[in-house]
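Please look over the sequence and the model below before reading on. The briefing that comes after them is meant to be read side by side with the structure.

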Amino acid sequence: MPNIKSSKKAVKVIAKKTANNHELKMRVQNLIKNCDKAIAANDKTEAEKLVKDIQKYADKAVSKGLMKQNTVDREKSRLTQKVKNMK
């Protein structure tokens, strides 16, 4: 536990940033899971909406350095291709 006042504040700031970063990463992962479920259920409109959300939040995660660019590009490409090939 820090003794200096600025160090105590830094601990609080780091905890808040960590929580926000974790929330963003989990949001992307949950959107990917929900999109896969929509694809399995043949719900094209829902899947298309989720793909747009995935692209938005995944790009935010990349810009913050939480996820790698190639990983996000690969996920977006795979999901877009799956939605495109739906009947």
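The model is predicted. Helix α1 (residues 5-40) packs against helix α3 (residues 69-84), and the axes of α1 and α2 come within 9 Å. Two packed helices are described by the angle between their axes and the distance between the axes, and both pairs are set out in those terms below.

**Helix α1 on its own**

- Helix α1 has 36 residues and spans 53 Å from its first C-alpha to its last, which is close to the 52 Å expected at 1.5 Å a residue.
- The buried residues of α1 are Leu24, Val28, Leu31, Ile32, Cys35, Ala38 and Ile39, and what covers them includes α2 (44-63) and α3.
- An α-helix has 3.6 residues a turn, so residues three or four places apart point the same way.

**α1 against α2**

- The axes of α1 and α2, which come within 9 Å, cross at roughly 160°, and because angles over 145 degrees count as roughly antiparallel, α1 is roughly antiparallel to α2.
- The crossing in which α1 passes α2 is left-handed.
- On the α1 side, this contact is made by Leu24, Arg27, Val28, Leu31, Ile32, Asn34, Cys35, Ala38 and Ile39, while α2 contributes Glu46, Ala47, Leu50, Val51, Asp53, Ile54, Tyr57, Ala58, Lys60 and Ala61.
- By type, the residues of the contact of α1 with α2 divide into 14 nonpolar, one polar and four charged.

**α1 against α3**

- Helices α1 and α3 pack at an angle of about 20°, with their axes 10 Å apart, and because angles under 35 degrees count as roughly parallel, α1 is roughly parallel to α3.
- Here too the crossing is described by its hand, and α1 passes α3 in a left-handed crossing.
- The contact joins Ile32, Cys35, Asp36 and Ile39 of α1 to Glu75, Leu79, Lys82 and Val83 of α3.
- Five nonpolar and three charged residues make up the contact of α1 with α3, with no polar residue among them.

**Cysteine 35**

- Cysteine 35 lies in helix α1 and is listed in the contact with α2 as well as in the contact with α3.
- With a relative accessible area of 0%, cysteine 35 counts as buried, because buried means under 20% relative accessible area.
- Leaving aside neighbours within four places in sequence, cysteine 35 is in contact with Ala47, Leu50, Val51, Ile54 and Leu79.
- Cysteine 35 and serine 63 are 28 residues apart in sequence, and their C-alpha atoms are 22 Å apart in space.

**Asparagine 42**

- Asparagine 42 follows α1 and lies in the loop between α1 and α2.
- The relative accessible area of asparagine 42 is 52%, so this residue counts as exposed.
- Most residues other than glycine have a negative phi.
- In asparagine 42, by contrast, phi is positive, near 60°, although the residue is not glycine.

**Lysine 76**

- Lysine 76 is placed in helix α3.
- Not counting residues up to four places away in sequence, lysine 76 touches Gln55 and Asp59.

Definitions and conventions
Residues are numbered from 1 along each chain as its sequence is written. This is a predicted model: local features need pLDDT of at least 70, side-chain atom pairs count only at pLDDT 80 or more; totals for chains, interfaces and linings use all residues. Side-chain values use heavy atoms; hydrogens and water are left out. Axes are lines fitted to C-alpha atoms, for helices over the stretch in contact, and angles run from 0 to 180 degrees between N-to-C directions. Helices (H or I, at least four residues) and strands (E, at least two) are DSSP runs, numbered from the N terminus. Angles under 35 degrees count as roughly parallel, over 145 as roughly antiparallel, 65 to 115 as roughly perpendicular and the rest as oblique. A crossing is left-handed if the near helix is turned anticlockwise from the far one by less than a right angle, and right-handed if clockwise. Contact means heavy atoms within 4.5 Å. Ala, Val, Leu, Ile, Met, Phe, Trp, Tyr, Cys and Pro count as nonpolar, Asp, Glu, Lys and Arg as charged, and the others, Gly among them, as polar. The expected span of a helix is 1.5 Å times one less than its number of residues. Buried means under 20% relative accessible area, exposed over 50%, partly exposed in between (1.4 Å probe, protein chains only).
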